[in-house]
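Hi,

Here is the structure I promised to hand over.

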Amino acid sequence: MVKRKRNSLPQLPSETDLKQLIGNQTDVSLSFAKQILSLSASKDSNLVFSPPLIDVVLGLIAAGSNGPTQSQVLSLLNSKSTDDLNSLSSHLSLVFADGGPTGGPKLSFANGVWVDQSLSLKPSFKGVVDTVYKATLNHVDFQTKAVEVTNEVNQWAEKETNGLIKEVLPSGSVDDLTRLIYANALYFKGAWIEKFDASKTIYQDFHLLNGSSVRVPFMTSKNDQFVSEFDSFKVLRLPYKHGEDERRFSMYFFLPNAYDGLSALMEKVSSESGFLDGHLPCERVEVGRFRIPKFKFSFGFEASEVLKGLGLVLPFSPGEAGLTEMVESTTVGRDLYVSSIFHKAFIEVNEEGTKAAAASACVITWLCRTRKTDFVADHPFLFVIREDMTGVVLFIGQEILNSESTDDLNSLTSHLVSLVLADSGPAGGPTLLFANGVWVDQSLSLKPSFEKVVDTVYKATLNHVDFQTKAVEVTNEVNQWAEKETDGLIKEILPFGSINDLTRLIFANALYFKGAWIEKFDVSGNQIRRLPPPEWEFGEGKRRFSMYFFLPNAEDGLSALVEKVSSEFGFLDYHLPHERVEVEEFLIPKFKFSFGFEASKVLKGLGLVLPFSPGEGLIEMVDSTSVSRKLYISSFFHKACIEVNEEGTEAAAATSAGYLTFECDEGPKEIDFVADHPFLFVIREDMTGVALFIGRVLNPLVGGNAYIAGIAGGCGDEVRVIRYFFSCERCADLQPLKWSFRFPYWLLAMDSTLSLPMSFFHLSSGSKGPTQSQVLSLLNSKSTDDLNSLTSQLVSLVFADGRPTGPTLSFANGVWVDQSLSLKPSFEKVVDTVYKAALNHVDFQTKANEVTNEVNRWAKKETNGLIKEVLPSGSVNNLTRLIFANALYFKGAWTEKFKASKTKHQEFHLLNGSSVQVPFMTSKKDQFISEFNSFKVLRLPYNQGEDKRRFSMYLYLPNAKDGLSALMQKMSSKSGFLDRHLPCERVEVGEFLIPKFKFSFSFEASKVLKGIGLVLPFSPGEAGLTEMVESTTACRELYVSSIFHKAFIEVNEEGTKAAAASSGSLTFECYEEPEETDFVADHPFLFVIREDNTGAVLFIGQVLNPLVG
């Protein structure tokens, strides 16, 4: 007996990338289905379509386009590149390989391309068509035989679908302007693993959406079935017989509980990413009532309106479709657009199994331009001077009136975009000069890194000048420089009075251009019949400079044209003429004008606000910390001029890139820092930016559980909750690569910023689908790999013990799992190697109290006795299956300790207007303090160890005694706030008082987390925590029942002691309903036919009435 070779069968790729691509496809398909249902013709009908066929059509459009069109297609398909789409298509050919010969479903998938005989495909596009999509290529005569081609495509589709799809292209859908058609077809025939007994099929009522009912044949069975129940719907999986390969095809029925619940279910399915994968039955259950209707119907639609509704507009836009990468002819290629996309599908479900087929056809039409073109620029227009080989734009402007007066201009007319340094005049091309200059006050020097950029990248001349006593002279010097660099065209870039004694830096640049037309205009004539395409050779390379005129058709259409140009990405590149055309009337005005403006308001209007804000972070320019932190851009001037005549163009522009002005403090040199009213604090490692603890002090005398009642009762005045974002960059001794970590979390009286979020890291590794997406979104992270990498770095480097000379630090993780369960190997590996957690097997089911005590003792030990009870009594019960806990302990001594003998009692002002007497520490030494608009920041460094870590405590003190709320709002609303508001150098202090304080705080975090969007992990039956334990039954019923967090801090003359612990409990949802599950599909439902190993969806549909064909 000869054994069949396994490698002759389709080998499905195991890469997670493929599943991700297919998952993206499925999400798009469900959105597509929802959009189809929104069409009036589809609202009250059965529906079926094949997502892969639509995706393949769109993939070919992406391959044959570029720029904005390609970007729109990729965005719709949730794909990064055409390579991803091509990879998906290649892999789908394996999924769609025929399984009939080995006992699996009969499958066939085919692609075809019909191109007009007058055209040939571009080699790159033909390569994709041939090798990726394996499409048959047919050259046909659309121009005289459109009807015959229509019949040919329809016959092809009928053959490829075994006669099920007879007419994918309707009559009249192809005409003499059609130039290409892409078509594809899919056929599927699968037999149930367990066929239904036809003798048991019975007629019963099927309830329609309008409230009436019809009698339809229902199939039934008493066998156990793959069924899962959720809040408002049930899901049934009916598997098909499979062959000898790895593929597993199934049909899924999504049945809403309510008779009229299909619309709500469709909304739910289409709005949650990964919904399908997160709601599939994993195991058989005993069924009670079980009835599935037989049905057979077809459905067809034209997809262009659906796709436009999803944002895919450009491919359907004549003249703007961007389908330039398909055919060799530039004339035809730039005028191709998609005129229609037809899709037709069929399905039959009976006792034996399923027959289904689908076909799509994309019709691409040529926008015919047969008349001569007029170009009469006798009304306002835009113009661009551009280097065509690189796309660098030198000048942009608009001509409103043929006038030299800038008063006639009312919008931005000139904008320098890039640097073109080489003068091409000696080689016969345009004269081109570009220069940069930097003027810095003589009292300052540039930082070496910044000076290197100025010198090597911008090739700027560096000038040291005296702004403080000779501001007028420096103004004149810059203006003379600009006049010289622009050949006398720009005489005054800096207005009088724009520089003063507080200016510290000026950046300026200048561009000069003078080019002659290749074909000059006849001065004696007033009409020219040909548009000259400028072209010059430059030494060893070739540059092509041109001037472009954008002329709106309407005389008052300039405003709309400007809006269009500025709002569409890549507009310029995709609206340029590529060939000469015969012109009828051709008139271009001569013009000459200059224009200048101050750009700060424009830039602020575009969102660039911080550089113009005093104290907001231009810190990398000059060496002086005290100056750099107070630099800001006070103004930004730009001036340009242009002349266009019969000979060519002369243009120039200059920019004075802001005057970085020193924000002068007029107050006393000594800074007071008296923390005698509510404030925020942060304990932070300064090299990485990792914040260990963050909190607030409302009353230094109050400790214990003063604010827990406020949380339970929701008292907003008692417990303030803020969202805070922090960033950190890896230490130099980790890797040269940098990463950033931003974590939004809720701050209550005091919290550890790392103990609590670590609980969510476990959830990310132990979940998938929508749940994992929610966790990653909350943590602002791209993947679990990012979180795992972060954890490894934190555990091994940031949290390493700093003794004997640095802070005492310890961080620990623990996992407690019920003895009846074992962790999945992949999850156990993360727990062990990444989180370095101790794994404990315990008996939750009979010894819940003992386990509670065990976890609390562990937390107490790991926090040196500071956290005595992280799990409250009764928080663990016999349904608990897992607990994740972590603990952080910190003890640091101030670099400069406070003298206890100087500590004195003074008033601390409470938010309610009263005050209390509390002990204040004080010192006369210089301190790290920075002042900002409405608050001050103090840094108190701790003794450091022998490594590079530097730990500090930061106190954020609002100026107003009741200003804490406003400060918290400011802190939570600005990303990176912490890093931009840190004191960098010591200053002399006047009055300096810091209260001693000691308190603890605890809360249960589930309501807070739900409030910021993390809902699924806490939802019984929908938590999606399927990647933690081996048991399928247990894993799909696990959910997070609670997350407890507790923290402690003490600040005194010696330093700080702080600790925190978090514990997340995962509970098993126990059903008390009868063991039997009903599944009676006697009202409208959704269905999906899917290959389960890859997740590839072949068909999606809905049944409103099984009798309607």
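(Buried means under 20% relative accessible area, exposed over 50%, and partly exposed in between, with a 1.4 Å probe and protein chains only.) Gln-72 is part of helix H3, residues 67–76. Helices (H or I, at least four residues) and strands (E, at least two) are DSSP runs, numbered from the N terminus.

Before you dig in, some housekeeping. This is a predicted model, in which local features need pLDDT of at least 70 and side-chain atom pairs count only at pLDDT 80 or more, while totals for chains, interfaces and linings use all residues. Residues are numbered from 1 along each chain as its sequence is written, and side-chain values use heavy atoms, with hydrogens and water left out.

**Contacts across the sequence**

Back to Gln-72: its C-alpha is 5.8 Å from that of Leu-312, although the two are 240 residues apart in sequence. Ala-185 belongs to strand E4, residues 178–191, and is buried because its relative accessible area is 1%.

**Salt bridges**

The whole structure has 14 salt bridges, each one being a side-chain nitrogen of Lys or Arg within 4 Å of a carboxyl oxygen of Asp or Glu. I'll go through three of them.

Lys-195 pairs with Glu-352, and their closest N and O atoms are 3.0 Å apart. Lys-195 sits in the loop between E4 and strand E5 (202–207), and Glu-352 in the loop between strand E13 (336–349) and strand E14 (353–366), so this pair ties together parts that are 157 residues apart in sequence. Lys-195 is partly exposed at 43% relative accessibility, and Glu-352 is partly exposed at 44%.

Asp-205 and Arg-215 make another salt bridge, with 3.4 Å between the closest N and O atoms. Here Asp-205 is in strand E5 and Arg-215 is in strand E6 (residues 213–220), 10 residues apart. Both partners are partly exposed: Asp-205 has a relative accessibility of 31%, and Arg-215 has 49%.

In the salt bridge between Lys-491 and Glu-483, the closest N and O atoms are 3.8 Å apart. Lys-491 counts as exposed at 53%, whereas Glu-483 is partly exposed at 30%.

**Surface patches**

Patches are built from residues with over 30% relative accessible area and no salt bridge, joining like charges within 9 Å and nonpolar side chains (Val, Leu, Ile, Met, Phe, Trp, Tyr) within 5 Å. Lys and Arg count as positive and Asp and Glu as negative, with His and the chain ends not counted. A charge is placed at NZ of Lys, CZ of Arg, CG of Asp or CD of Glu. Accessible areas come from the Shrake-Rupley method with a 1.4 Å probe, and for residues only the protein chains shown count as cover.

The negative patch gathers Glu-670, Asp-672, Asp-926, Glu-931, Glu-988 and Glu-991. Of these, Asp-672 is in strand E29, residues 671–674, and is partly exposed at 36% relative accessibility.

A positive patch is formed by Lys-899, Lys-902, Lys-904, Lys-924 and Lys-925. Lys-925 is in the loop between strand E39 (915–922) and strand E40 (927–931) and is partly exposed at 47%. Ser-923 is in the loop between E39 and E40, and counts as buried at 18%. A polar atom of the Ser-923 side chain lies 3.1 Å from the backbone nitrogen of Lys-925.

There is also a nonpolar patch of about 260 Å², made by Val-453, Val-457 and Tyr-458. Val-457 is in helix H11, residues 448–457, and is partly exposed at 48% relative accessibility.

**Backbone angles**

Most residues other than glycine have a negative phi. Asn-162 has a positive phi, near 55°, and lies in the loop between helix H6 (142–160) and E4. Asn-864 also has a positive phi, near 55°; its place is the loop between helix H21 (848–862) and strand E37 (880–893). Asn-162 is exposed at 54%, and Asn-864 is exposed at 53%.

Cheers

Technical notes: Polar contact = N/O pair within 3.5 Å; in protein donor to acceptor, adjacent residues only side chain to side chain.
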